[in-house]
Amino acid sequence: MMETLYIIGTIIMGFGVVFKLLIDLGRQIEDGLIELDEKLAIAIRSVVEKIPGLGEHEPINPIQMAIGQLIANMNQQKQQPQMKIIERDEKGLFTSQDS
């Protein structure tokens with residue numbers, strides 16, 4: 001009877017130790033990923049800064065801006081169609097446009 005309790009106790013302690021080790025491993029992996037992310041961000045930033053012309057932005061060409069405004073105005077006109085009023089006779093029926 002006592003041997004069974006010792007074995008059960010040892011098994012429970014083993015599960016506890018494994019659980020604790022898994023928690024510690026998870027924390028180490030999380031810390032490592034955060035550190036890796038920071039180092040990667042620094043490396044990418046330094047590479048982008050070294051590439052000529054990548055970080056600089058060219059001003060918008062006035063002709064391109066005018067074409068863009070023209071296209072935007074054309075889209076607004078298409079979204080607001082002209083409504084037609086269809087006449088009705090004294091019975092409330094729609095009349096044809098021929099008459």
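Glu35 is partly exposed, with a relative accessible area of 42% (partly exposed lies between buried, under 20%, and exposed, over 50%, with a 1.4 Å probe and protein chains only). The structure is a predicted model, in which local features need pLDDT of at least 70 and side-chain atom pairs count only at pLDDT 80 or more, while totals for chains, interfaces and linings use all residues. Residues are numbered from 1 along each chain as its sequence is written, and side-chain values use heavy atoms, with hydrogens and water left out.

Glu35 takes part in a salt bridge with Lys39, at 3.1 Å from N to O (a salt bridge is a side-chain nitrogen of Lys or Arg within 4 Å of a carboxyl oxygen of Asp or Glu). Lys39 is exposed, at a relative accessible area of 53%. About one helical turn separates Lys39 and Glu35, because they are four residues apart in helix 1. Helices are DSSP runs of H or I with at least four residues, strands are runs of E with at least two, and both are numbered from the N terminus.

Two salt bridges were found in a search of the whole structure. Besides the pair of Lys39 and Glu35, Asp24 is bridged to Lys20, with 3.3 Å between the closest N and O atoms. Asp24 and Lys20 are also four residues apart in helix 1, so about one helical turn lies between them. Asp24 is partly exposed at 28% relative accessible area, and Lys20 is likewise partly exposed, at 46%.

A nonpolar patch on the surface is formed by Val18, Leu22, Leu25, Ile29, Leu33, Leu36, Leu40, Ile44 and Val48, which together have about 820 Å² of accessible area. Patches are made of residues with over 30% relative accessible area and no salt bridge; like charges are joined within 9 Å, and nonpolar side chains (Val, Leu, Ile, Met, Phe, Trp, Tyr) within 5 Å. Leu33, one of the patch residues, is located in helix 1, which covers residues 2-50. The relative accessible area of Leu33 is 53%, so this residue counts as exposed.

The secondary structure consists of two helices and zero strands. Ser96 lies in the segment that follows helix 2 (62-79) and is partly exposed, at 44% relative accessibility. Ten residues separate Ser96 from Ile86 in sequence, and their C-alpha atoms are 8.5 Å apart in space.

Of the 99 residues in the protein, 0% are buried. The protein exposes about 10,200 Å², of which carbon and sulfur atoms supply 64%. Accessible areas come from the Shrake-Rupley method with a 1.4 Å probe; for residues, only the protein chains shown count as cover.
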